Amino acid sequence: MSATKQQTLFQPAKPVTVSQLTGLLRTSIESQFSDLWLEGEVSNLRMPGSGHVYCTLKDEFSQIRAVLFRSSALRLKFTLQEGMCIIVRGRLTVYELRGEYQIVMDSIEPKGVGALQLAFEQLKARLSAEGLFDEAKKTPLPPFPQRIGIVTSPTGAAIKDMLSVLYRRWPTLRVIVVPVPVQGEGAAQQIAKAVAWLNEEDLVDVMIVGRGGGSLEDLWSFNEEVLVRAVAASRVPVVSAVGHEIDVTLTDFAADRRAATPSAAAETVVPVLAEVVERLRVLTVRMTQTMGRHCLFEQRRLEAQMGKLTEMRLRIRQEWQRTQQAVDRLKTVTCNRVAASRDVVRDRQRELAGLNPVFVVKRGIAMITFLMQRLERQVMVLSDGRRRRMAAIAAQLGHLSPLAILGRGYSIVSRVRDGVILRSADDVQPDEEILARLSQGQLHCSVKRALPDPLL
Amino acid sequence: MGGVKFEQAMARLEAIVGELEKGDLPLDESLKIFEEGIRLSKSCLKILEDAERKVEVLVQDRNGKKRLHAFSPDEEMEDPSSESSG
């Protein structure tokens, strides 16, 4: 602004209008402050629907209005926040309607860290809060994948490295490459789409998503939300392989496994075929050997049992022989006994035959006849003698009979009261009744008097 | 889908070997799983032998239809937007 121009304004007769002054100020400010770097703290941040961003930048003592137009806002990787210290590149302008000067920000860097770094941290915090990086969401890699998907640039060294490692480890793989741009505008969208394709088509068991090394900006696509979400959502396990060991992207966090480099990813994904074949062989050998040992063990056991069985058979044979001998002895003894018994029986039979009632009766009958004859003879002998003796005895008896005595004139006197035969006159009392038995009849008498013996 | 089959077969084979080596099984059951193990071992080998090397590229043609074709890393790719990743 020249001094002459200022002097032309100082004319009391010709004052300038507000618009003229504001226009002059605007021209002056815009030409003097057309490109500058400004450091300040964000406050009074507003983001209306227009897409423009408004705020105030301040330090301890002063403040200035600031605006970020939509086109510049879209290019901003990170999100402006209240209280954030930023370094702004821009130009000053005057908003004539209000007579306010402000800074139009073209680009913004967060103070202390790079814009990308901040954007990275911000998105990481947001997606992490959503649970996109949760360990629990990670799918284990298949141990023996046969179909490998590779989402990367088809022309870089990365794809060559990966294919070379894959085929060195497992020569009979099926690999499906989905060619994508791996940096620049729209790369993230295309990589995300490729990840989605491989899921939709069910073409692979596992996929590698990545690229070779590059600057932070080169690798930036792998920090973009669209790709990070696609990787997190993938049903097919994803191994990320972005840049080198030191490069960590949000895609790495979302992947099921992070590999330091594309080559490392290829190693992570497939085992070495030769080792698998060897493992298979070892398993088979172990199985066969174990089975063999088991069979041998069982065979030995069987043999042991057979040995026992043979022993048992021998014992049985011995026992059988002993039994046979015992039976033989028993037979002999029994036979002897039977023979002896038979003799006894024969004797007894003989004895019994002697006792047969028929013989006994027959003998008896013979005896009877014999005895009868003897009896008859005896009876004949006896009856003659007896008749003679009987006559003699009868004659004797006749002499002794009281009846014969009575016949000679004697009587027998007895007491009536008791029938006692009287032998003495003293045996009765006077008036006592007596009975006198005579040779012919009896006399019932009464005693007059007892007299002494007349012979005396 | 040889991968899943192979994986299951290997897992089963490992389990069988472990079971046999534990030695708890009676002979007839051991023989049964042993035969299964031998079958698995053979089918695993067959899967490995039958697999053939193949590299394909999945691309979308002008009609938006996806198709696979053989890949050669030296071949010029049709995708003009792709940039070298160094």
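V175(A) stands opposite V55(B), a residue of strand β1(B). Welcome to this predicted model, in which local features need pLDDT of at least 70 and side-chain atom pairs count only at pLDDT 80 or more, while totals for chains, interfaces and linings use all residues. Residues are numbered from 1 along each chain as its sequence is written, and chains are lettered from A in the order in which they are written.

**Where the chains meet**

- β1(B) pairs with strand β7 (residues 174–179) of chain A in the parallel sense, over four bridges; two strands pair if DSSP finds at least two bridges between them.
- Chain A brings 50 residues to the contact and chain B brings 40 residues, where two residues are in contact if their C-beta atoms, placed from the backbone, lie within 7 Å.
- On the side of chain B that touches chain A, α1 (2–22), α2 (27–50), β1 (54–60) and β2 (66–70) of chain B each supply at least two residues. Helices (H or I, at least four residues) and strands (E, at least two) are DSSP runs, numbered from the N terminus.
- α1(B) gives the most to this side of chain B, with eleven residues.

**The nonpolar cores**

- A nonpolar core is a set of buried Ala, Val, Leu, Ile, Met, Phe, Trp, Tyr and Cys residues joined through C-beta atoms within 7 Å. Buried residues have 20 or more other C-beta atoms within 10 Å of their own, exposed ones have 12 or fewer, and partly exposed ones fall in between, with C-beta atoms placed from the backbone.
- The largest core has 54 residues, and M162(A), L166(A) and I191(A) are among those with the most contacts inside it.
- Helix α6 (residues 187–201) of chain A provides the largest share of this core, seven residues.
- A second, separate core of 15 residues includes L280(A) and M291(A) as well as L20(B) and F34(B).
- Neighbours within four places in sequence aside, L166(A) is in contact with I148(A), L173(A), V175(A), A266(A) and V270(A).

**Helix α9 of chain A**

- In helix α9 (residues 262–269) of chain A, the buried residues are P262(A), A265(A), A266(A) and V269(A).
- These buried residues line one face of α9(A), because they fall within an arc of 100° seen down its axis; the arc is that of the directions from the helix axis to the C-beta atoms.
- Their cover includes β6 (147–152), α5 (157–169), β8 (206–211) and β9 (238–242) of chain A.

**A look at E225(A)**

- E225(A) has its place in helix α7 (residues 225–233) of chain A.
- E225(A) counts as partly exposed because it has 14 C-beta neighbours inside 10 Å.
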